Amino acid sequence: MGRTALLRRLLLVPPTLVGVAIVVFVLLRVVPGDPIAMMIPPGASTEDIDRLRAAYGLDQSIAVQMLAWFRDLATGHLGTSISLRQNVGSLILGRLPATLELVALATLIAIVLGTALALIGAFYRRRAGEWAVDGIIGIVVAIPDFLWGLIFILVFGVLYPVLPISGRLDPRLPVEFTTQFYLVEALVTGQLSVARVLLSHMLMPALALALPLSAIIARVLKASLAVAESADYAQMAKARGFSRRAVLLNEALPNAAIPTVTLTGVQFTFLVGGTVLIERIFSYEGIGNMAVDAVINRDLPLIQGIVLTFAVLFIAINLLIDILVTFLNPRLRRG
Amino acid sequence: MAEPATPAAPAPRRASHPIDARLVAGAVVIGALVLVALFAPLIAPHDPLEQDLLYSMLPPSWQAGGEPGYLFGTDSLGRDILSRLIYATRVALTVALIAALLAAAIGSLLGLLAGYFGGAVDQAVSRLIEVWMAFPPVLLAIVLAAVLGAGLSSVIVAIVVVDWTRFARVVRSETMVEREMEYVASARTLGLSGVFILWKEVLPNVAPLIITLVSVEMGIAIVVEAILSFVGLSISTDFPTWGGMIAEGRQVVYQTPWLLGLPIAAIVVAVLGFNLMGDGLRHALDPVHRR
């Protein structure tokens, strides 16, 4: 992707976001189930209910509500959560770091696992090793993160209880954090035992998120390695007496990385979207778990805010991947 | 459904490429599931809704405390898990078939139009896809299911609305390739209309791809139905669904781990079956692989 194409992508970001905002807003206005009815105490008078409805702007037409919401968005306000009665922006900012840490760990696992599988498969090409890797990839790619999460809970949480199955931190642990990035903070301040507890809670959800992506990375990278290994420069290196392993690692891998990043970009957004359910299953306190609660409570402002947050994340990820591909590929660097 | 699966039957003599093993394996699994769903009342040892509190939370019959009449044990209300698993295949396969076909129809149509006509049509479809891809799919499905209310048709609509882009994206790019082929150019010189060329010339050439995607999408639809049941947004919890059983099992996982494990196993088998079939179909239908 050259510089002009990148610029065009950037220009498309605002309309896409506006599209997402409109779709989610209109969708949510036809939700059956009155959010106000869920929060009033029994015996509230009709005037009270009307007053509450007016306070949240729910008594106006959809068009007026949408205009008001867009006006607030322009000034950086996401509204007030109906069920939690707090500012939606600060609610999301409070939970987002937990999700981002989980996503980061999952991504790391997916890349390491996927690369390792691809290299093993490429090294043992047309031998039992490659068939084994292909079989693993086939099974891992078919089973979605949701099922992996449940399988892990069953196996490593219940049948052979080695890891905790819910939450982000042991509630009995007497630790105070100044930021919401618990893991980063624990690592930076050198509280390694705290970091270990955090990681033990994150390992299963992160692995569940990582497995499908790792299989796709392995599949694409393995195919790209085969192409790269047959290229002139790799053949040349082989002819000059470099070992098979050296050629794979030093010649084929850097060149096979480009198509892999390009082709796995979409899958990476699936990993991020998967947090919604994985956080639910593991009772992990990120924005995904909060999103499901918001839907169940018909908390319209909170749902809108979270969906918009995910949309911003997704678009940012896709742009970053495009930039990364440009950066990795020397031929594209000059726009 | 693919060829009747008869792995033992001798392959035609000329075939140096025997029928793809994955296709056979996938078809056997899916065929078995279809039979189970069709003949559920004959196979199921109990009524899936029948409660018997005297026999609640029985472990599978091979474990200590199990009853021979309840092969996979019972849940907290004393309902037979095997019978519930069997009846749940009906919901799973119904959702899979209808949702995948509808998503394929809508997505492929938009993909064909965008890929063939380009210009403003392509712009419109591509922008729509872009907006859709900015939603986390699971969250969109959950919101939709909440909007539409509980019920089988809501689940199906939610899956279709979320997943049509899978078809539209692939079919669009494949149609753009086909459009440049010579057979399309010759059809155009013959003066055939765009819609006719799309329907009679291009569609048959992208059909194998669509069929493969449908098979994979059926597996995805089963998982999404399970997810919506798990979150409590699918059909009523009385009627057995794999996802509903998973949700119940997750809550009492320490007391009755089999209640969580068995429906997971059922979904894994179904999803692997559809994926194997999709993989096999891709190879069987792709002329490059078929040679």
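Me: How are helix 7 of chain B and helix 8 of chain B oriented to each other, parallel or antiparallel?

Reply: In this predicted model, helix 7 of chain B, residues 182–189, and helix 8 of chain B, residues 194–231, have axes that cross at roughly 170°. Angles over 145 degrees count as roughly antiparallel, and the two helices are therefore roughly antiparallel to each other.

Me: How close do the axes come?

Reply: The axes of helix 7 and helix 8 of chain B come within 11 Å.

Me: Which residues make that contact?

Reply: From helix 7 of chain B the contact takes B:Tyr183, B:Val184, B:Ala187 and B:Arg188, while helix 8 of chain B brings in B:Ile197, B:Glu201, B:Val202 and B:Asn205. Sorted by class, this contact between the two helices has five nonpolar residues, one polar residue and two charged residues.

Me: Let's step back to chain B as a whole. How many helices and strands does it have?

Reply: Chain B has 11 helices and zero strands, and when it is read along the sequence the pattern is α-α-α-α-α-α-α-α-α-α-α.

Me: What box do its C-alpha atoms fill, and what share of its residues is buried?

Reply: Taken along the principal axes, the C-alpha atoms of chain B fill a box of roughly 75 × 55 × 25 Å. Chain B has 291 residues, and 49% of them count as buried. Among the contacts in chain B with a separation of 6 or more, 70% come from residues 24 or more positions apart.

Me: And B:Ser83, is that one buried or exposed?

Reply: B:Ser83, which is found in helix 3 of chain B, residues 81–117, has a relative accessible area of 0%, so this serine is buried.

Me: What does B:Ser83 touch, apart from its neighbours within four places in sequence?

Reply: With those neighbours left aside, B:Ser83 is in contact with B:Ala44, B:Pro45, B:His46 and B:Pro48.

Me: Switching to chain A: where is A:Glu130, and is it buried or exposed?

Reply: A:Glu130 sits in helix 6 of chain A, which covers residues 128–142. Its relative accessibility is 14%, and because buried means under 20%, A:Glu130 counts as buried. Beyond its neighbours within four places in sequence, A:Glu130 is in contact with A:Gly121, A:Tyr124, A:Arg125 and A:Lys222.

Me: What lies 2.7 Å from a polar atom of its side chain?

Reply: That is the backbone nitrogen of A:Arg126. A:Arg126 itself belongs to the loop between helix 5 (88–123) and helix 6 of chain A, and at 70% relative accessibility this arginine counts as exposed.

Me: What about the phi of A:Arg126?

Reply: Phi of A:Arg126 is near 60°, which is a positive value in a residue other than glycine. A:Arg298 also has a positive phi, about 55°, although it is not a glycine.

Me: Where is A:Arg298, and is it buried or exposed?

Reply: A:Arg298 is in the loop between helix 12 (287–296) and helix 13 (300–328) of chain A, and with a relative accessible area of 15% A:Arg298 is buried.

Me: Last topic: what domains is chain A divided into?

Reply: Chain A is divided into domain 1, covering 3–74, and domain 2, covering 94–333, and the C-alpha centres of these two domains lie 33 Å apart. The contact between them takes 21 residues from domain 1 of chain A and 16 residues from domain 2 of chain A.

Terms used: Residues are numbered from 1 along each chain as its sequence is written. Chains are lettered from A and ligands numbered from 1 in the order in which they are written. This is a predicted model: local features need pLDDT of at least 70, side-chain atom pairs count only at pLDDT 80 or more; totals for chains, interfaces and linings use all residues. Side-chain values use heavy atoms; hydrogens and water are left out. Axes are lines fitted to C-alpha atoms, for helices over the stretch in contact, and angles run from 0 to 180 degrees between N-to-C directions. Helices (H or I, at least four residues) and strands (E, at least two) are DSSP runs, numbered from the N terminus. Angles under 35 degrees count as roughly parallel, over 145 as roughly antiparallel, 65 to 115 as roughly perpendicular and the rest as oblique. Contact means heavy atoms within 4.5 Å. Ala, Val, Leu, Ile, Met, Phe, Trp, Tyr, Cys and Pro count as nonpolar, Asp, Glu, Lys and Arg as charged, and the others, Gly among them, as polar. Buried means under 20% relative accessible area, exposed over 50%, partly exposed in between (1.4 Å probe, protein chains only). A polar contact is a pair of N or O atoms within 3.5 Å; within protein, one must be able to donate a hydrogen and the other to accept it, and residues adjacent in sequence count only if both atoms are side-chain atoms. Domain bounds come from an automatic or database domain assignment.
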